[in-house]
Amino acid sequence: MTSSQKKRNITWLAALIVAANGFIPAIWVLFTSLKTEGELNRIPITIFPNQPTLENFTRVFVDQPILVFIANSVAVAIISTVICVLVSALAAYALVRLRLPAPGLILSVILAIAMFPLISILVPLFAVMRDAGLLNTWWALIFPYAVLSMPVCTMVLIAFFQDIPADLENAAMIDGCTRVGALFRVVVPLSAPGVFTAAILAFVNAWDEFLLALTLSPRVMSRTLPVGITLYQGEFAFPWPIMSAALVVAITPVCVLIAIYQDKIVSGLTQGGMKG
Amino acid sequence: MTSATPVLKHRLTPLERSERRLGLVMLAPAFILLAATVIYPVATLIWTSFRFQHLAQPWMGTPFVGLEQYWKGLTDPHFWSSTLNTALYILVTVPGAVIVGLGLALLANQPFRIKWPVRLGLLLPWALPLVFAGLIFRWFFEFKQGIVNNALIWFGLKPLNWLTDPTLAFIAICIAIIWKSSSFVALVLLAGLQTIPKSMYEAAEIDGANKWQQFVEITLPMLRPAIFVALIFRTITAIQTFDIPYAMTNGGPGNSTETLAMYIHKTTIDFLDFGYGSALAVLMFIVSVIATSGYLRYTRRDPSKAGR
């Protein structure tokens with residue numbers, strides 16, 4: 001074997017390990033979801049489904065109102081993402097450009113408050129939402145989720161805004177634009193990739209959240225998807241094929257999203273951590 | 001550059017003053033949101049922690065009890081066992097995720113012609129909700145039909161009671177947490193790896209350094225800031241571990257895999273003891289402040305200066 005061949009084989013092996021580590025659990029769940037209860041109970045277990053069936057998927061839609069869970073998740077994730085990105089963009093711009101006293105300190109304060117452990121604010125947040133009559137509504141989750149993603153969105157947007165030359169805005173303002181006009185006509189369009197990245201990260205954070213959703217939406221019809229999925233387990237039995245089918249239904253949209261926007265997500269994740 | 005000007009208290013020009021005012025207006029939405037969802041709730045949390053408030057015993061009212069509930073927490077063996085469990089999860093899964101993540105990042109940092117399988121392989125575990133990861137691993141570790149026990153049987157070994165034995169359940173949960181969180185670490189470290197100039201390795205090769213020496217002398221030191229960021233992020237999330245043990249064992253068998261977050265949730269939401277749960281939440285907050293202060297020291301830099 002020549003050395004370049006050996007090198008190519010190592011590269012292949014490396015790619016295989018990383019991809020397998022990420023994909024195998026999802027693939028295993030997909031296989032399980034296609035098996036019948038009878039095949040599942042066979043020992044030794046089969047790897048590929050012998051007689052693939054879609055029956056488990058029908059049960060997913062019959063046993064629980066999964067379409068309602070999906071609708072709740074989509075609505076909460078989208079609205080909280082819009083609020084989070086708007087609020088973070090305004091704050092990030094003010095911190096980068098507007099000569100505030102001690103911007104570093106202000107940023108630290110925002111991050112410190114927004115990163116308060118969820119479990120600690122869970123108890124009082126439950127009481128606050130109950131008193132405001134917001135329990136079981138989308139709003140009980142939307143506001144906390146907007147705060148949840150504020151640190152990473154603010155950091156990503158600060159990194160992008162810093163790269164935009166101030167001269168561009170100054171030119172726009174000389175041409176008669178106001179500060180806010182310059183922000184929305186010059187800075188936001190120029191940092192569209194950054195805004196978009198921040199939005200994806202906020203969306204995934206909101207889509208994945210479990211603890212608040214479990215606590216602040218106790219009614220079945222206001223459950224989000226991560227909490228709704230756990231409802232498929234029975235009192236004593238754990239119906240794995242149906243659970244797996246439900247997981248497949250729940251995972252697929254996010255898989256499509258990350259497959260389409262993989263570059264932006266990777267750059268956003270690393271920027272939020274590294275660059276800010 | 002503002003930083004280069006001497007520290008003279010110069011008067012703000014009208015333009016600067018109006019800009020500063022606009023800046024404060026633009027920060028207002030962020031602070032209003034924080035006040036409504038964090039600051040006000042935290043104030044009521046501290047208030048409630050000094051009062052007896054049990055939703056199942058409304059006839060008791062909410063009398064002021066001072067530090068009694070804190071004392072109750074500090075002498076509650078259940079509080080300490082769940083704190084110990086949380087500490088064990090942090091001690092095992094934070095270094096575990098960083099080591100596995102570093103391994104994945106090194107593997108992913110090869111010159112692939114087709115990039116998407118590797119990148120999606122790293123993104124998928126990151127994007128998966130924690131509770132889904134917990135459910136999937138619960139299925140892996142299932143006694144009779146689980147893939148892990150069947151693999152053990154295939155190798156001629158005995159199947160293990162993964163989720164009903166306290167030690168094995170802890171190990172199974174740690175494996176699930178490390179799998180789920182190592183991909184985020186890998187993404188952060190991969191970005192760090194890609195900033196290391198190739199020329200450094202070429203120079204080392206000319207000097208006769210082998211691969212291991214290159215890793216220890218170049219890769220690790222250059223990755224230090226990225227590893228630090230990953231460690232802090234992981235620690236902050238590990239303190240709040242809830243979803244994966246909740247999905248895999250619900251804290252069982254007994255309380256052997258229960259975390260502090262799970263105990264607080266159980267006390268308040270299941271047992272409705274808001275007063276005691278609030279005191280526990282404050283105690284937990286004090287612990288996490290100590291852990292997060294490291295991250296804040298790192299990020300506390302002036303964002304209005306581009307030179308980083």
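**View 1. Helix 6 of chain A bends by about 35° at A:P124.** The bend at a residue is the angle between axes fitted to the seven residues ending there and the seven starting there. This is a predicted model, where local features need pLDDT of at least 70, side-chain atom pairs count only at pLDDT 80 or more, and totals for chains, interfaces and linings use all residues. Residues are numbered from 1 along each chain as its sequence is written, while chains are lettered from A and ligands numbered from 1 in the order in which they are written. Helix 6 covers residues 118–131 of chain A, 14 residues in total. Its first and last C-alpha atoms are 19 Å apart, close to the 20 Å expected at 1.5 Å a residue. That expected span is 1.5 Å times one less than the number of residues in the helix. Helices (H or I, at least four residues) and strands (E, at least two) are DSSP runs, numbered from the N terminus.

View 2. Of its 14 residues, 10 are buried, so helix 6 of chain A is largely enclosed by the rest of the structure. A residue is buried if 20 or more other C-beta atoms lie within 10 Å of its own, exposed if 12 or fewer, and partly exposed in between, with C-beta atoms placed from the backbone. The buried residues include A:I119, A:L122, A:P124, A:F126 and A:M129. A:G133 follows the helix, with a positive phi near 70°.

**View 3. Helix 7 of chain B carries a kink of about 30°, centred on B:S181.** The helix runs over residues 166–194 and has 29 residues. It reaches 42 Å from first to last C-alpha, close to the expected 42 Å. Buried residues number 21 of the 29, so helix 7 of chain B is largely enclosed by the rest of the structure.

**View 4. B:Q213 sits in helix 9 (residues 211–239) of chain B.** B:Q213 has 12 C-beta neighbours inside 10 Å, so it counts as exposed. Its C-alpha is 31 Å from that of B:C174, a residue 39 positions away along the chain.

**View 5. Chain A meets chain B through 82 residues of chain A and 83 residues of chain B.** Two residues are in contact if their C-beta atoms, placed from the backbone, lie within 7 Å. Helix 1 (residues 3–33) of chain A gives the most to the chain A side, with 13 residues. That side holds 66 nonpolar, 13 polar and three charged residues. Ala, Val, Leu, Ile, Met, Phe, Trp, Tyr, Cys and Pro count as nonpolar, Asp, Glu, Lys and Arg as charged, and the others, Gly among them, as polar.

**View 6. Chain A is divided into domain 1 (1–53) and domain 2 (64–274).** The bounds come from an automatic or database domain assignment. Taken over C-alpha atoms, the two domain centres are 33 Å apart. Their contact takes eight residues from domain 1 of chain A and seven from domain 2. Helix 1 of chain A supplies the largest share of the domain 1 side, five residues. By class, the domain 1 side has four nonpolar, two polar and two charged residues.
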